[in-house]
Each structure stands twice: as C-alpha cells, then as structure tokens.
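Here is a short tour to read alongside your own view of the model. Keep the viewer open and follow along.

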Amino acid sequence: AMEMMMEVSLLVLAVLALSGNAAATCQFSNVETYTTTDKMMSSKTVFIAEFDAKCKSDAEAKFFAAVGDEIYPVIAGAEGNKFQVSWAGEHKTTASGAYTIRVLSEDGFSALRRAQRSGSKPDIQALHTFAIQHPGLARTNFFVQTEFLAFICALLLAWGAHSLKGKISE
C-alpha cells in the first residue's frame, strides 16, 4: 500500500510539473499594440494587443490576460499562432501611462480567480508580460462633433432634393 501511494504521489508531482511548465513550452514574440488617441472620433478608449505565441501543443495555447485586477480572454487568430486581447474603458476614467498585460494559462487564470474570490494576494507566474503605452487622449481640430456635421449634410441634401422636386413639378 505504501509503494502504491508513493507511485501515485510521484505521478501527481510529474503531472503538476508538466502542466506548470507552459511558459517553457510557449514562445512569445511580435507584440503589436494600439490605443485610442483621438477623443472626438470614439466614445471609449480602446486597447488592443496582438502577439505571436508558438506552443508545443494546441492545449497549451489557451490564454487569458490580466490587466490590473481585470481579466480578459485572449482570442486566437485564424493563423493559429496569432493572439489578440482587447478591452475598452471610459475616456474620463482611463489614465495615460503604461498598462502591464500578464498573459496567463488556464491554470493561472483559475488560480487568480480563486485568489480574487478569497481576497488573498495572488502570486501567479505569468507566461509572458508586456506593456501597452497609452499616451492619453487628444482633441482633434474639429470645433463641432462629426455627428453634427453629418446631420447638417443630410439636411442640406434633403433641402436640395425638395427644392429640385419643386422646380420639376412647376
């Protein structure tokens, strides 16, 4: 019975060692980022990060992104080794500066969620970490909203069509 327990313990340790080694079996590269910089052309501040990850197996290529206390799913692209994470925030509450993105495995995601629910300080090893630099929002040179300009154009077009119809009817 003692030998059987020892074998089971060794097997469990081996499985844990292999499952916790996703960082060594996935290689991350080519990080590209985008943030909203024009306050007038969008209603929210958007963050997008795209990166390449080559993993030994498809099962390891399921990621989550932790940004501060928030967790976002990482979406796999059509090419298979491209991944993307994105989120949006209100203009007023989104500060300029660096936003650190920690890429987590499914196990890391589960551990982080457990720690958040219990209120403890999570000590999760990220598979990869990178940052998005948000320069802040600038106001373009438009003195009116673009929606207002579109409305004025539609009114002018309707007025012109009505005037032309009146001339043709005479």
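## Asp52 and its partner

The side chains of Asp52 and Asn30 are joined by a polar contact of 2.7 Å (a pair of N or O atoms within 3.5 Å; within protein, one must be able to donate a hydrogen and the other to accept it, and residues adjacent in sequence count only if both atoms are side-chain atoms). This is a predicted model, where local features need pLDDT of at least 70 and side-chain atom pairs count only at pLDDT 80 or more, while totals for chains, interfaces and linings use all residues. Residues are numbered from 1 along each chain as its sequence is written, and side-chain values use heavy atoms, leaving out hydrogens and water.

You will find Asp52 in strand 2, residues 45-55 (strands are DSSP runs of E, at least two residues, and helices are runs of H or I, at least four, all numbered from the N terminus). Asp52 counts as buried because its relative accessibility is 8%, and buried means under 20% relative accessible area with a 1.4 Å probe, protein chains only. Beyond neighbours within four places in sequence, the contacts of Asp52 include Gln27, Phe28, Asn81 and Lys82 (heavy atoms within 4.5 Å).

Elsewhere, four strands form an open sheet in the order 4-3-7-8, with antiparallel pairing (two strands pair if DSSP finds at least two bridges between them). Strand 4 (70-73) and strand 8 (128-134) are the edges, each pairing on one side only.

Between strand 7 (residues 97-104) and strand 8 there are seven bridges. Ala98 sits opposite Gln133 of strand 8.

Key
Buried means under 20% relative accessible area, exposed over 50%, partly exposed in between (1.4 Å probe, protein chains only).
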